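Good morning, and thank you for coming.

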Amino acid sequence: MKLPKITFWRVVFVGVLALGAFSAYLRFFRGLGASTNLSDQFPWGIWIGFDALCGIMLTAGGFTLMGAVHVFNIKEWRAIARPALVTAFLGYLLEAFALMFDLGKPWNIWHPLIMWNPHSVMFLVGWCVMLYLGIMALEFAPVIFERFRLEKPLRILKIVSTPVVITGVVVAVIHQSALGSLYLIVPGKLHPLWYTPLLPVLFFVSAVAAGLAMTVFESTTSARHFNHALERPLLLSIGRVLLITLIVYGILRVHDLFHTGSYRYALTLGYEANMFWVEMALTVIAPIALLLVPKVRNNPFSLYIVSIITVLGFVVNRLNVAVTGMEAASGVRYVPKWSEVSVTMMMVAFGIFWFAVAVKYLPIFTHEHERPAAAPELVKAA
Amino acid sequence: MPSAILYDATLCIDCKQCEQACATQNKNPYTDDIGKEQRTSDHKFTYVHDTYGNEKFMRKLCMNCLDPTCVSVCPVGALVKHKEGPVSYNADACMGCRYCMVACPFGVPKYEWTKTIPRVRKCIMCPDRVLAGKQTACAEACPTGSTLFGDREALIAEARKRIAAEPGKYVPVIYGLNEVGGTSVLILSSVPVETFGYPPSLKYGEKPLPPLTADVLEHVPQVVTVGWAVLGGIWWITNRRDIVKESEKP
């Protein structure tokens, strides 16, 4: 048996996993109090703010690309739909896994199935996660079937593929906006720079932008790593759509700030205002300004940089809603404990690891017509 | 018959009998040290605020809202509002998402952070007693009549009478009458309740909070049907184009 090569990133990966395992021990055997800086004043931390809100946001490329390719029939985006779907599927699986850490009694996670409260946004969120996971399993199954050349189930899935994709888009859109709706119930707690009745719409539009940026980012990264070449026209057209989405988001966000009068809070110096401007710089000002320059927009490398800025920006946005904006009213300053950060890092590490595994062993960046005539044996490939 | 608790802070002598009775009722520990704790927590559902001196006291407990935010946000319906008044909690149903803690406008629900099988903890207005026609443990224990239990309408009338009889003594509001749509705990005080950390009446206004999300959730069936129809239509058109193109090939 050949031993795996020791590289810098593999050492980091093992380190993150080891620390994560210890944090998991703290969480499940010592409780949330010992493993987090959460408190009665601040009951939701980065496991909600990052793992859930950012995690799900970054999967939005999945429904966007699946919808674009299979409903809108944009053929030039085909090559990138599968990587986006894999990201979404992995993202949701990891989010379900991360929830096990955050929920006080994770073994009751299935309760929304039988104990209904349709007035609760959390109930809707729970159902969306479960439904969309099932739908994505159906969308993802052809990848597995192609890999093992199982023609018959492949044909069956092809028949139902359109309604499945449409249902997936609808459920995902509802889920993305529902994550924003979660905060509609805290008008007195969430800072006015982020509290607005428009939260569900802003969460949806920003998810599309962040999802597209994430797709550009990871496709470019893995294309380099695995020596696939991404087609230039594909990237450039995604860049154009990203620009349009960001402009729509920017208009909605800024118009809403003036409509609600909350822009006043951005004009004073302070913790919230500073974080707001960091967010606006990274989500609206910088990426739109850069993408408006044709030279930047039409160059795969600069587009890659812009996609990183956009992803970071919307991560800041989600953390502002979940953490920054909730601190003042709570009366406490929340800084995540090392074990909270470690669990989150473990989720990210898992995400990267499983994405790399999927790209390596499954027909993700290739198409049906390109697949090998005979399926290679898994053992040999591994 | 919707019942309520009327707490008249001007009659309170800080004897902490309510704290003790509450601990006994809810099987919480109670010691001298716990008696000194000036906050509600996973083991203390009510306390008498006495840090302001001048013999001004104030009880803190769950307001048991008429249209409770916690009940509306709970994904599994673990929190239930009874028509008699109490907002009770079913730990077996709870999955520990803590949305109730995030959402409660009064910051009432507390969590057992140190336990590996944690529960949400709060004053539940003694449902086993109230539903059996008895008064809450705190009201029963109160030696001065500062905490009264009874029919909500009757208690409101009583509170109005007290304010009218001694206008200089009270802040002329019954806190809880209309706050977030009204609560099952009503408070009379000679100093504004905000002094003791209650949210000002104007902060949330007189409308209940649950419609803020319920009104949005009502649109979900619409989004599903319209979304399906629009996306289905688009698919049909784009797919048809391909079919037509295919058939026009020589």
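To follow the first part, please keep in mind that a helix axis is a line fitted to C-alpha atoms over the stretch in contact, and that angles run from 0 to 180 degrees between N-to-C directions. The model before you is predicted.

Consider helix 11 of chain A, residues 271–292, and helix 13 of chain A, residues 300–330: their axes come within 9 Å and cross at roughly 160 degrees. Angles over 145 degrees count as roughly antiparallel, and helix 11 and helix 13 of chain A are therefore roughly antiparallel to each other. Their crossing is left-handed. Among the residues that meet are A:Leu282 and A:Ala286 from helix 11 of chain A, and A:Phe314 and A:Val316 from helix 13 of chain A. By class, this contact comprises 13 nonpolar, seven polar and two charged residues.

Let us turn to the contact between the chains. Chain A contributes 43 residues and chain B 48. Which helix of chain B gives the most to the side that touches chain A? Helix 10 of chain B does, with twelve residues. That side of chain B divides into 32 nonpolar, eleven polar and five charged residues.

Finally, chain B as a whole. Chain B has ten helices and nine strands. Its radius of gyration is 25 Å, well over the 18 Å that the globule rule gives for 250 residues, so chain B is more spread out than a compact globule. Along the principal axes, its C-alpha atoms fill a box of roughly 100 × 45 × 35 Å. Of its 250 residues, 43% count as buried.

Technical notes: Residues are numbered from 1 along each chain as its sequence is written. Chains are lettered from A and ligands numbered from 1 in the order in which they are written. This is a predicted model: local features need pLDDT of at least 70, side-chain atom pairs count only at pLDDT 80 or more; totals for chains, interfaces and linings use all residues. Two residues are in contact if their C-beta atoms, placed from the backbone, lie within 7 Å. Helices (H or I, at least four residues) and strands (E, at least two) are DSSP runs, numbered from the N terminus. Ala, Val, Leu, Ile, Met, Phe, Trp, Tyr, Cys and Pro count as nonpolar, Asp, Glu, Lys and Arg as charged, and the others, Gly among them, as polar. Angles under 35 degrees count as roughly parallel, over 145 as roughly antiparallel, 65 to 115 as roughly perpendicular and the rest as oblique. A crossing is left-handed if the near helix is turned anticlockwise from the far one by less than a right angle, and right-handed if clockwise. The radius of gyration is taken over C-alpha atoms; the globule rule is 2.2 Å times the number of residues to the power 0.38. A residue is buried if 20 or more other C-beta atoms lie within 10 Å of its own, exposed if 12 or fewer, and partly exposed in between; C-beta atoms are placed from the backbone.
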